[in-house]
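Hello,

Here is the structure I said I would pass on. My notes on it follow below.

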Amino acid sequence: TKRVGFIGLGAMGLPMARNLLRNGFELHVAGPRSPGSVEALKKEGAYTHAFLSDMISHCDVLITILPEDREIKEVLLSPAVLGGLRSGSLLIEMTSGSPEMMKRVHAAYQEKQILVLDAPVSGGTAGAEKGTLTVMAGGTSEVLERARPVLEAMAQNIFLVGSVGAGKAIKAINQMLAGIHMIAAAEALALAEKLDIDIEMLKEVIGKSSGASWMLLNKSNSISTRDFSLGFKHRLMKKDMQIAAAEGADLTLPLATLALQLYKMSERDCGEQDFSAISKFILAE
Ligand code: NDP
């Protein structure tokens, strides 16, 4: 498990890959995607390959953290990747995707005797940089133990939450809450601004009261200064709310439904900004 390939070197993937290098793993990355990240990691000691298929033949563990289901399918079900990995190797799939796509990938990899861990994360880019992510792992305990040294280089909290697909499911529930909580925090701040309440005081008091949320405590400052730099892309949050909505299609989820509508309505304006940019539609100018 020392030779690790990494696909998806974006806001999360790049700092996660750096932590693998820092912890002594032999890191393999490939172009042509994310050329800036590939170049930076090369300077820091990663092995770089021109083609994905070259990289795949050099690794025992493959980590993927891609935008969504579409890219999971495109990359993990491609002949270059699925056909290139040796039997007995390990796939750690960390994207926030759907449970259904994860199970589909699992079935295809099982046929080739490739082990699979469903392992989405929470903790944001700050957690990725500090190596303090939370992993919501779906799979067997044997596969988790095999993956553990790699995960521990990137994460502080590792939970086994069920079989493959359960990681994606609990992540979708987390994102449903996070998406709703972001809008709730923006509404609280709109009221606080109107009532002339100091943000630091608001956080201190509500932090010890029943209305507290992670979003209110951690995102209030950037919301109130209108600093919507990334972070976590608004369009990825919309995608997560869509996953939750699809899973809960037969349930009554009024807040999740409304929140998804708000993310959809605001996507054209702020899809590439941090998801806190949704507060532009709530706060006064
Ligand atoms: P980014 O958009 O920053 O990164 C996505 C990366 O995937 C990019 O490097 C992109 O390459 C690469 N990519 C896209 N398509 C392909 C492909 N076909 N082949 C190879 N590489 C590809 O997203 P994030 O890092 O923010 O998010 C990744 C996942 O993690 C998402 O599912 C997100 O929901 C989840 N997540 C994000 C968090 C955050 O705070 N940002 C927190 C927790 C989870 P290129 O640059 O060339 O397009």
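Which residues in helix 11 are buried? They are Met215, Leu216, Lys219, Ser220, Ser222 and Ile223, where buried means under 20% relative accessible area, exposed over 50% and partly exposed in between (1.4 Å probe, protein chains only). Helices (H or I, at least four residues) and strands (E, at least two) are DSSP runs, numbered from the N terminus. The cover over the buried residues of helix 11 includes helix 9 and helix 10 (199-206).

Before the rest, a word on the source. This is a predicted model, in which local features need pLDDT of at least 70 and side-chain atom pairs count only at pLDDT 80 or more, while totals for chains, interfaces and linings use all residues. Residues are numbered from 1 along each chain as its sequence is written, and side-chain values use heavy atoms, with hydrogens and water left out.

Next, two helix pairs. Helix 9 (residues 166-194) and helix 12 (residues 234-247) have axes that come within 8 Å and cross at roughly 120°; axes are lines fitted to C-alpha atoms, for helices over the stretch in contact, and angles run from 0 to 180 degrees between N-to-C directions. Helix 9 is therefore oblique to helix 12 (under 35 degrees counts as roughly parallel, over 145 as roughly antiparallel, 65 to 115 as roughly perpendicular and the rest as oblique). In the contact (heavy atoms within 4.5 Å), Ala172, Gln175, Met176, Ala178, Gly179 and Ile180 of helix 9 meet Met237, Asp240, Met241, Ile243 and Ala244 of helix 12.

Helix 1 (residues 13-22) and helix 2 (residues 35-43) pack at about 15°, with their axes 11 Å apart, and are therefore roughly parallel to each other. Leu14, Ala17, Arg18 and Leu21 of helix 1 make the contact with Ser37, Ala40 and Leu41 of helix 2.

Last, the aromatic rings. The count comes to one aromatic pair; rings of Phe, Tyr and Trp (its six-membered ring) pair if their centres lie within 6.5 Å, and planes under 30 degrees apart count as stacked, over 60 as edge-to-face and the rest as tilted. Phe232 and Phe275 have ring centres 5.4 Å apart and planes at 70°, so the pair is edge-to-face. Phe232 lies in the loop between helix 11 (214-224) and helix 12, and Phe275 in the segment after helix 13 (254-270), 43 residues apart. Phe232 is partly exposed, at 24% relative accessible area, whereas Phe275 is buried, at 5%.

Regards
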